[in-house]
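We will go from one selection to the next.

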Amino acid sequence: MCTGSESGSDSKSDPNSNGWSRARGAVLKSLALIGGALLLRRLTKSTTRWDHARMVADSLNGEKFSKEQAVRDPDNYFNFRWLSCPAADMVDGSKVLYFEQAFWRTPHKPFRQRFFMIKPCAKELRCDVEDIAEHLTTIHLKRCERGKRCLYEGSTPADGFPNSWQNGATHCTSELAVLKNNEIHAWDRGYDDDGNQVWGVKGGPYEFKPAPASSFDELNPLSFALQPVGKRIEGSFVLQE
């Protein structure tokens, strides 16, 4: 029946217990603040020009086909094979890719071959990435607006670049779009002096979608050798804001 005394004893505060509770609360609060700061830093970290160069290089790399498009519209599109692989890493961090394009039935007979060098562009160009091929064609790429399917897109200047590939062409234009999942849309067209299109598809770009990874993993970049190609288009890409 002596409950009054026991109750009074339980109601007394233990200074050591209260001190530990306050210390633990302070530690948990500090950890929460640090974690929040790290998360905010990660979410707000800006994309550098080298990040853009890496993303473009990764997207251009690999084996891709226009098979789906050829099946959908066989009168206007062929099943082309796009093949690109790392060739070298330069001292300054630039990446060099080897690229070739061929009909899917004759992959050993590419009709287009190039090297791309991908790196951040010079500050005076006010862009992010410069993708340099052998000569002649430069495409200025911009990051796509939010909500669009593409990640980057761009084209050559309206008057294009000198090119005499075939059918009396005197200049060419190119458009390029980098989509998610490493899909590439490329549209090359040639024109004569009168502005008439003399080669290239008219309905829209070729849509190259990646092949299964297993079909490309065994390819050795060092095994590729440039063969003489009489008909080819040289080009480069520049990514800018």
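Predicted model: local features only at pLDDT ≥ 70, side-chain atom pairs only at ≥ 80, totals over all residues.

Residues are numbered from 1 along each chain as its sequence is written, and side-chain values use heavy atoms, with hydrogens and water left out.

**Whole chain.** Select the protein chain: it has 5 helices and 13 strands (DSSP runs numbered from the N terminus, H or I of at least four residues for helices, E of at least two for strands). Of its 241 residues, 37% count as buried; buried means under 20% relative accessible area, exposed over 50% and partly exposed in between, with a 1.4 Å probe and protein chains only. Among contacts (heavy atoms within 4.5 Å) with a separation of 6 or more, 52% are between residues 24 or more positions apart.

Next, select residues 138-143 and 150-155, which are strands β6 and β7; they run antiparallel and are joined by 4 bridges. Strands count as paired if DSSP finds at least two bridges between them. Look for Leu141, which stands opposite Gly154 in β7. The two strands form a hairpin with 6 residues between them, and Gly147 in the turn has a positive phi of about 100°.

**The disulfide.** Stay here and show Cys144 and Cys150: a disulfide joins them, with 2.0 Å from S to S (the rule asks for a pair of cysteine sulfur atoms within 2.5 Å). By this rule the count comes to 1 disulfide. Which hand does the disulfide have? The torsion about its S-S bond is about -120°, so it is left-handed. Both Cys144 and Cys150 are buried.

**Across to β9.** Glu153 stands opposite Ala177 in β9. Now pick Cys172, which is buried at a relative accessible area of 1%. Cys85 is also buried, at 2%.

**Last stop.** Select Gln101 in strand β3, residues 95-103. Is Gln101 buried or exposed? At 6% relative accessibility, Gln101 counts as buried. Leaving aside neighbours within four places in sequence, show its contacts: Phe80, Arg81, Pro110, Phe111, Arg112 and Phe208.
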